[in-house]
Amino acid sequence: LLSFEFTHNGPFGSAEGWIGYTHSHMNRRVRLLVNGDTLIAMVTAADMRTLKSSNIQKTFENYRPAATPAASTIFTNKSAQLFNDFESSDTTVLNEVIDIAELVTYTKEDLPLLYEGLKRNWSRADLFINNYYAGALVQVHHPSTLDTLKEMYRNAGSDMVKAEILFVLAGWRTAEAHRILTDLLLKGIPANDRIYDVFEVFRDSSALAAPFAQQLLPLLKDSLARPFVIQLCGQLLEEKFMQPAVLGAWKGFIYEHAAGIAAAKLDENTPYWYCMAMVKLLTYMKEPGAISSLKKFLSQPSTIIKLGAAAALIRNNQPVPAAILQKIAADSITRILLYDTLTKLKKPALFPAKYLNQVAISESELLYYIFDRSSEFSSINFLKEVITDFKGSKQKFILYKLVFDIEGFPQPFLGIAGPFPVRPSALPVTGSAATGVFSGRGYAIENIDDDLKEWLMQFEE
């Protein structure tokens, strides 16, 4: 930017900038004018001498978009118009509203409109307009809002509106808002998916949530709220914002429910994250009943759940059967996770010797790297080990042929795991910096050495 200044074209306000280019003698002269709600740009590019010529100067100085300036509504509050346009049947209008809605800033003067937007039964439920106005109320954060929200909740005609009100309270992130939110949750959990966002935001700050955890324990009996309470208590115990004694008489209920989860098949009713939330809670309860419950999770068919339970028991200085660790290590996905976990717990000797080699670890590391594409993954085959210079020293990389089923057709790629220590007997390094899949060109066995060199170049820069 060579220069910039505010100026005018007669009665029209304008601004002008001159832009230079490092590798060109060409420069650009830009003048912006506003007429009403319209922005007009005058742009020309040429060498500096031409840009300063009298003809260019006259063009820029004498241009008038109209005889007189048009009235402007740029700085007029349009929140009411936006509100009305959300109900427009005109697709063009609706698309424009969607594009600009998130750019709008609201103030306390807009509160009545925001309350109405929050509770209204909008015709286009797919646009989540109630969510939008809930977010706007969090943004305004006016003291009067708390009392209004309590009144609105009492009169709310649907669980959807109740859930949105609870979301606003959670989003305030103040002790008073959390207190009100806790009281309302204890009166009943709205049957609306938005409640899961409420729970997530409530848990954002352990310091804010901790004073209300004990009050929320009765929600363990509510099927919608139970996972939230399990997550919250596990989080607070881990971060030392709560002691296990706070759980009091609810410990028996937790152990009974844990037994049911441990025996259940992982599905949408008992998802992986819920099992792991229970495992975390039991981990930090640190008492015989919790240890006994954790042992039941070792029988879960899912090796990732077995791993979580095994890690929890080891963290509590409890033994884990060698056969269980063998099953976890035999799974090519959880193998690397087990090794990494035992390393962090300073218990590497517990890792099964059968899989304690660079090839077994590298295969697992690569498969974990492509885990997000597991639905397309078809096969993996070891190719060879390569020792090469990498970041100033000799390092080993282990190459594989990966095959993915892409739209019904098998597609091969070069898989690269490493770097690893050169000595085969050296313990593998977890979280290898250059592990990945080379896709710079089609796979060909005769090109894999060149492909490896090209792949590693990005890490040397």
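Predicted model: local features only at pLDDT ≥ 70, side-chain atom pairs only at ≥ 80, totals over all residues.
A residue is called buried here when its relative accessible area is under 20%, and exposed when that figure is over 50%.

**Helix α18 and its two faces**

Let's start with α18, which covers residues 322–330. Its buried residues are Ile324, Leu325, Ile328 and Ala329. Looking down the axis of α18, these residues fall within an arc of 135 degrees, so they line one face of the helix. Turn to the face of α18 directed away from the buried side and you find the exposed residues Ala322 and Lys327.

What do the buried residues of α18 pack against? Their partners are α17 and α19, the latter spanning 334–344.

**How the helices cross**

Two packed helices are described by the angle between their axes and the distance between the axes.

| Helix pair | Axes come within | Crossing angle, roughly |
|---|---|---|
| α17 (residues 303–315) and α18 (residues 322–330) | 9 Å | 135 degrees |
| α19 and α20 (residues 358–369) | 7 Å | 110 degrees |
| α5 (residues 111–119) and α6 (residues 129–140) | 7 Å | 145 degrees |

Take α17 and α18, whose axes cross at roughly 135 degrees. That angle makes α17 oblique to α18, and the crossing is left-handed. On the α17 side, the contact is made by Thr303, Lys306, Leu307 and Ala310, while α18 brings Leu325, Lys327 and Ile328. Sorted by type, the residues of this contact come out as 4 nonpolar, 1 polar and 2 charged.

Next up are α19 and α20, with axes crossing at roughly 110 degrees. Angles from 65 to 115 degrees count as roughly perpendicular, which is why α19 is described as roughly perpendicular to α20. From α19, the contact uses Arg335, Ile336, Leu337 and Tyr339; from α20, it uses Ala360, Ile361, Glu363, Ser364, Glu365 and Tyr368.

Asp451 sits in helix α21, residues 448–460. Is Asp451 buried or exposed? With 1% relative accessibility, Asp451 counts as buried. Not counting residues up to four places away in sequence, Asp451 touches Leu414, Phe438 and Arg441.

Trp250 is in the loop between α13 (226–238) and α14 (251–263). Setting aside neighbours within four places in sequence, Trp250 is in contact with Leu217, Pro218, Leu220 and Lys221. For Pro218, which is 32 residues from Trp250 along the chain, the C-alpha separation is 8.3 Å.

Finally, His8 is part of strand β1, residues 3–9. Again leaving out neighbours within four places in sequence, His8 is in contact with Gly13, Ser14, Arg31 and Glu61. The C-alpha atoms of His8 and Arg31 are separated by 9.7 Å, with the two residues 23 apart along the chain.

Conventions:
Residues numbered from 1 in each chain as written. Heavy atoms only, no water. Axes fitted to C-alpha atoms, helices over the stretch in contact; angles between N-to-C directions. Helix = DSSP H or I, 4+ residues; strand = E, 2+ residues; numbered from the N terminus. Parallel < 35°, antiparallel > 145°, perpendicular 65-115°, else oblique. Left-handed = near helix turned anticlockwise from the far one by under 90°. Contact = heavy atoms within 4.5 Å. Nonpolar A, V, L, I, M, F, W, Y, C, P; charged D, E, K, R; others polar. Buried < 20%, exposed > 50% of the residue type's maximum accessible area, 1.4 Å probe, protein only. Arc of directions from axis to C-beta.
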